[in-house]
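Subject: Structure for you to look at

Dear colleague,

I am passing on the structure we talked about, and below it you will find my notes on what turned up. Please read them with the model open beside you.

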Amino acid sequence: MLRLILTDAQGPRVVPVDTTPFKIGRSSENTLQLSDPQVSRHHAELVERDSIWSLRDCGSRLGTFVNNRRTDETLLHPGDCVRIGQTELRVEAEGGGSSSAFDFRQVNALLAGLRALGSSHVLDEVLALVLDATLDLTGAERGFILLQEDTGRLEQRLARVRGGVTLGSAQISERIPQDVMATGEDRIVTDLLDEAHATQHAGTVALGIRHVLCTPLRVVQYASGVERRIGCLYLDSRERGYLQSVGALHALAAEAAVVIDNARLYQQVVEQERLAQELKVAAEIQRSLLPPGEYATAYADFFAYTIPCRAVGGDLFDYFDRPDGLTFVVADVAGKGPSAALLSAVMQGLLSAEALTANGPGAVVSLVNRALCRRAVGARFVTAFYGHLTAGGALTYCNAGHNAPFHVRSDGFSRLDIGGTPLGIFDSAAFETGTTTLSPGDLVVAFSDGVTEALDDREQEFGDGRLEACLAGAWSRPAREVAEQVRLSLGRFCGAVAARDDVTLAVLARR
């Protein structure tokens, strides 16, 4: 009916509990005599009533503890740890296997060790330990753990047979686990060959399986007391009646659910940290691909910056000093995050290859567009502004669907909007080249839509009007000073509102 796994200075040993009351103490009159000096002469006793065992303290001097809590009287369950003095007594149902089946504190210790080592396989290790303990406890032939995914679908995460052997794939009943998750109650089928079950579980019966037990894995939220079902424990066998104690299985499942949930949460944290580290490396690589933000020639100053709204972004700027002048580009890939960053790197490579040729802006943009279309990046396009300034102040450019940059002159503003459609959409798209002249003191201010579409706490956009107001009086000022003025104005406007898009600004100032 009950046995104790006693651990003292002499090591562990099994003590069968075969009488009631079962007296424990230092006196030789007790059923179990302990020589521990911290144990009272008549310390405690085990009492059985209707197959339920309880532990009662007999007025001991130093107290009796169950699961590290002092108690006068309490009901005992398999897996409970009783401490009397320096002696530990592990409670176990008779015929329930070894004490390790219930010792999930060891599993928790393993979990802590795997965390300390930074293991990414914590969940797999814990699931295997849970199944092995369950098969040892019940005597079932096969064991399965099914966990509920975020979509609500049950996924078979691990299948094992006795002896610690993992099954690559195995068929089980689909109906039974679904019923258990829906109701939160056990499903026990003593014989699938019974007429009532045979037609519903024909596939399982074909494997020779007769006895099935499925119990839910529940986790209770301590703050709210709400129960959450994270999956189920499914056991089956070709023999009938293998399970001797459903109560013991419930005790194991309750502890196992907590350990599994902790392991799964930890694995999610490890995965998030891994992704964060990968994004950090990607962000460093992306920054290294961009040129320095400030550049100067004898006839022009250039200053630019890009601020991704996530770890990596889809905006870019670049410039190339050629014998016939300074070429510069600002581009914005549709979307955000890693996918946009990858296409941004491709775009930068294509522009670098073409920018060193003697082709004009329209021809370069057309070649880049065809290269992007050949790669057929689904639902992705790129807007870009590509310009070339000669030492004499002649500016040729092509605007491929990008926000039209401001040409800041001494007498006002104009917009540079000649070009064509965004890149990567139409293979045969035609692109025009626009021309203008930059007099000394003139500026070209190019920007991505992350600047003008930035929002404040009232959901209002920064807009072209506010940007134009920032540029009032910018004529003849250095490129860096103008760019920083726009950055400060944008920061004051947005306040604490997080950016929803990448922000890129480039200023070219004619000396």
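Before the details, one term is needed: two residues are said to be in contact when they have heavy atoms within 4.5 Å of each other. Please also keep in mind that this is a predicted model.

With that in hand, take Leu 423, which, once residues up to four places away in sequence are set aside, touches Met 347, Val 365, Val 368, Asn 369, Leu 372, Phe 381, Val 382, Ala 384, Ala 400 and Phe 431. Leu 423 belongs to the largest nonpolar core, a group of 44 residues, and together with Met 347 and Leu 508 it has the most contacts inside that core. Apart from this core lies another, made up of 30 residues, including Val 126, Leu 213, Leu 233 and Leu 252. As general background, nonpolar side chains in soluble globular proteins tend to be buried together.

For the chain as a whole, there are 11 helices and 29 strands, and 48% of the 511 residues are buried. Among the contacts with a separation of 6 or more, 61% are between residues 24 or more positions apart.

Two pairs of helices come next. Helix H7, which covers residues 337-355, packs against helix H8, residues 361-375, at an angle of about 140°, and their axes are 10 Å apart. The two helices are therefore oblique to each other, because angles over 145 degrees would be needed to count as roughly antiparallel. The crossing of H7 and H8 is right-handed. On the H7 side the contact is made by Leu 343, Val 346, Met 347, Leu 350, Leu 351 and Glu 354, while H8 contributes Val 364, Leu 367, Val 368, Ala 371, Leu 372 and Arg 375. Sorted by kind, the residues of this contact are 10 nonpolar and two charged, with no polar ones.

In the second pair, the axes of helix H10 (residues 463-470) and helix H11 (residues 479-494) come within 10 Å and cross at roughly 135°, so H10 and H11 are also oblique to each other. Their crossing is right-handed. Arg 466, Leu 467 and Cys 470 of H10 meet Gln 485, Val 486, Ser 489 and Phe 493 of H11, and the residues of this contact divide into four nonpolar, two polar and one charged.

The peptide bond from Thr 20 to Pro 21 is cis, with omega near 0°, and Pro 21 sits in the loop between strand S2 (11-17) and strand S3 (22-25). Asn 68, although not a glycine, has a positive phi of about 70°; this residue lies in the loop between strand S7 (64-66) and strand S8 (69-71), and its relative accessibility of 61% makes it exposed. Glu 459, again not a glycine, has a positive phi of about 65°, lies in the loop between helix H9 (449-452) and H10, and is exposed at a relative accessible area of 51%.

Is Asp 449, with a relative accessible area of 19%, buried or exposed? Asp 449 is buried, because the cut-off is under 20%. This residue is found in helix H9 and, leaving aside neighbours within four places in sequence, is in contact with Asp 332, Asn 403, Ala 454 and Asp 501. Asp 449 and Asp 315 are 134 residues apart in sequence, yet 9.9 Å apart in space from C-alpha to C-alpha.

With best wishes

Key. Residues are numbered from 1 along each chain as its sequence is written. This is a predicted model: local features need pLDDT of at least 70, side-chain atom pairs count only at pLDDT 80 or more; totals for chains, interfaces and linings use all residues. Side-chain values use heavy atoms; hydrogens and water are left out. A nonpolar core is a set of buried Ala, Val, Leu, Ile, Met, Phe, Trp, Tyr and Cys residues joined through side-chain atoms within 4.5 Å. Buried means under 20% relative accessible area, exposed over 50%, partly exposed in between (1.4 Å probe, protein chains only). Axes are lines fitted to C-alpha atoms, for helices over the stretch in contact, and angles run from 0 to 180 degrees between N-to-C directions. Helices (H or I, at least four residues) and strands (E, at least two) are DSSP runs, numbered from the N terminus. Angles under 35 degrees count as roughly parallel, over 145 as roughly antiparallel, 65 to 115 as roughly perpendicular and the rest as oblique. A crossing is left-handed if the near helix is turned anticlockwise from the far one by less than a right angle, and right-handed if clockwise. Ala, Val, Leu, Ile, Met, Phe, Trp, Tyr, Cys and Pro count as nonpolar, Asp, Glu, Lys and Arg as charged, and the others, Gly among them, as polar.
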